[in-house]
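Please examine the sequence and the structure before reading the solutions.

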Amino acid sequence: MGKVIINSDDFGYSRGVNYGIVDAYQKGILTSTTLMANMPGFEHAVELKKKLPNLGVGVHLTLTCGKPLLKNLGTLTDDGFFKKLSFYQSNFKIDSNELYQEWNAQIQKVYASGIIPTHLDSHHHTHTFGENQQVVVELAKKYDLPVRGNFELKNQVRHVAYFEKYFDDVGVEKPSDRQISIELDHYLEQLLEKLRTTETTEIMCHTAYLDQELLEGSSFVFPRVNQVEFLIDSDFAKKVKTDKEIELITYKDI
């Protein structure tokens, strides 16, 4: 039997994102999410989580969106805002101690809200970049938390056996980047078989309803709404929910 975590990133981004995540959890097959401690919807997300004790909530470590929690982070910020993703996609140079302190503050804020995090991952996968990997390993060991296993140093921390990174494509009308290079139905059939036969899997997705914050701040918007409906009403969701060889879990179960 395969144990499966279905995790929606960006909890706390905005109210619309939060409500989409909650609907995908309460009505669909979503089991987990990760919380952005520095974003406008944080307090709203915390309120929602308190009513949903079995929803797994990790920390979505943030480095490329909004403002940091700490001040005087000269290597991480421009004019008080985090540097853009493009900065980290080239040969970037930052102070690893500044990053450790900021990410530690984000984790601490989640704990202080009353939420015990289930795991760590990051916005735009910045924990997978360069020396950032060592920082997330140190924090994972400090708090004894698993980490999304899509980086080179994953064997130094707890992680699932398989990470499915292409599920976002189910929300895209015409996939254009990599992305799913095979016909969608065939992709989903293959994925179901992998879920049945792999010991532990995380499927990453991005569920949300649209609001002004998301429309103005993100380049990945409308597919999120499609993913809410997909996780609730699709044949794939119904098969996952009823398949006796698939157990839906959260990171606290690994």
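**Exercise 1: The second largest pocket**

Task. State which residues line the second largest pocket of this predicted model, and describe the lining by element and by class.

Solution. 
Step 1. The lining of the second largest pocket consists of Asp185, Leu188, Glu189, Leu192, Phe230, Ser234, Asp235, Phe236 and Lys239.
Step 2. Two helices, α6 (184-197) and α9 (235-242), each contribute at least two residues to this lining. The greatest contribution is that of α6, with 4 residues.
Step 3. Sorted by class, the lining comprises 4 nonpolar, 1 polar and 4 charged residues. Ser234 is the polar residue, while Asp185, Glu189, Asp235 and Lys239 are the charged ones.
Step 4. The space in this second largest pocket amounts to about 170 Å³.

**Exercise 2: The largest pocket**

Task. Give the volume of the largest pocket, identify the residues closest to its centre, and describe its lining by element and by class.

Solution. 
Step 1. The volume of the largest pocket is about 920 Å³.
Step 2. This pocket is lined by 34 residues, of which His124, His206, Ser219, Phe220 and Arg224 are the closest to its centre.
Step 3. At least two lining residues come from each of β1 (2-11) and α7 (212-217). The largest share belongs to α7, which supplies 3 residues.
Step 4. By class, the lining of the largest pocket contains 14 polar, 11 nonpolar and 9 charged residues. Among the residues closest to the centre, Phe220 counts as nonpolar and Arg224 as charged, whereas His124, His206 and Ser219 count as polar.

Note on methods
Residues numbered from 1 in each chain as written. Predicted model: local features only at pLDDT ≥ 70, side-chain atom pairs only at ≥ 80, totals over all residues. Heavy atoms only, no water. 1 Å grid on protein atoms, 1.4 Å probe; cavity = no way out; pocket = protein on both sides within 12 Å on 5 of 7 lines; lining within 4 Å. Points joined across faces, edges and corners; volume = space filled by probe spheres on them.
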